[in-house]
Amino acid sequence: MSNTVYDSMYDKLNELRITLSADAKVEGEHTLLKLPQLVIDYLDTRRSALSNAACRAQDSAALHLTWMQYHANMANQSPVVDSVAWELLYNELSTSYDITVSALHCIRLGLSDDPARPYIRIGELKDSINDMKTTPEFIAYANDMAEDLELDLTELLPPVIALEMDDVAGMNELAKQLFGSEAPDFLEAILSVPAGNDVTLA
Amino acid sequence: MTEYGTARLQVRTQFDTNRIHVQGVGEPTVNRKYGIAIELRAPPSVTEWLSEQEPTLPSPASNSTLYIPMSVVSYIEHEGVVQILIEGAELNHPKGAMLDIKDDSVAIGTLIAFVKESKTALTLQDGDVYSSEVEEEEDSE
């Protein structure tokens, strides 16, 4: 099997890693890039809310367990670094460095919930193949970069995340039960979803 | 007039960064008892402007005042060409925001079909299709 398509992606992504690392500082084994202010502010807000709930729980623990349970649930369900923090980070870096979110998603990045460490740890590239299938990160990147890197997408191994025909048949059956025989074909429906804005300024 | 008030098209001022929420009050009832509710992808320049507008119209679903008027502009001399006007402070049009539509959008198609069938908020306009882009004048030497 030719792996040229993966090599092309790795070469380009390594260039991006070098670009990011150029603005970073090195501490021991770690390459640390300053966290965008928007993400710092977002994490501060979350950290502060968790701290307030923790204090309320502590102050009332001798009297009742209401706030203890509340805080336990909150701490369990709302880590300081959540998916929204990652989305903000990806968008900020994407804008600052003029690179795609899919490229950033292929690099192992680390975020700390420590306010004293407002940095992104820049790691190695993620794996592109798992169990002879292309990982989701590299499927997205390959599709985004197919034209720029002149990638032949047919060279890619099958994706890890994919719809099997059995899944499609199941979806169609479910749709028919819900909407009757006029229900649209699931595959046709998802393939016909147009990308981009429905409206733009005239 | 319907049991939900005057037949109209309206858009929520506060909704999402990348989408606008449109309600149509009137017949036919497409996906709501009052008519139609639909979401359209829109650029942040539109949604940001929208969030700064003062809502004046009530939702037929909750009765809360969360919406501003919207209409579909159909150009008499340009068959099949329509734009959407959201009424508010001037953005790219003296009356608010004039939007071009994506022809192959299913959501847009559904909305236009509702407007045409219900004859709600449909403005027939003569003249050229509106554009806020300044046309460059050719140099004459």
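## A pair within one helix

In chain A, Trp67 and Tyr70 are three residues apart in helix H3 (residues 66-77), so A:Trp67 and A:Tyr70 are separated by about one helical turn. Helices here are DSSP runs (H or I, at least four residues) and strands are E runs of at least two, numbered from the N terminus.

This is a predicted model: local features need pLDDT of at least 70, side-chain atom pairs count only at pLDDT 80 or more, and totals for chains, interfaces and linings use all residues. Residues are numbered from 1 along each chain as its sequence is written, chains are lettered from A and ligands numbered from 1 in the order in which they are written, and side-chain values use heavy atoms, leaving out hydrogens and water.

## How the rings meet

Over all chains, a search of the whole structure finds four aromatic pairs. One of them joins A:Trp67 and A:Tyr70: the ring centres are 5.0 Å apart and the planes lie at 85°, so the pair is edge-to-face. Rings of Phe, Tyr and Trp (its six-membered ring) pair if their centres lie within 6.5 Å; planes under 30 degrees apart count as stacked, over 60 as edge-to-face and the rest as tilted.

A:Trp67 is partly exposed, with a relative accessible area of 29%, and A:Tyr70 is partly exposed at 41%. Buried means under 20% relative accessible area, exposed over 50%, and partly exposed in between (1.4 Å probe, protein chains only).

## A pair in chain B

B:Tyr4 and B:Tyr34 also form an edge-to-face pair, 6.0 Å centre to centre with 75° between the planes. This pair links distant parts of the chain, 30 residues apart: B:Tyr4 is in the segment before strand E1 (8-12) of chain B, and B:Tyr34 is in the loop between strand E2 (19-25) and strand E3 (35-41) of chain B. B:Tyr4 is partly exposed at 24% relative accessibility, while B:Tyr34 is buried at 7%.
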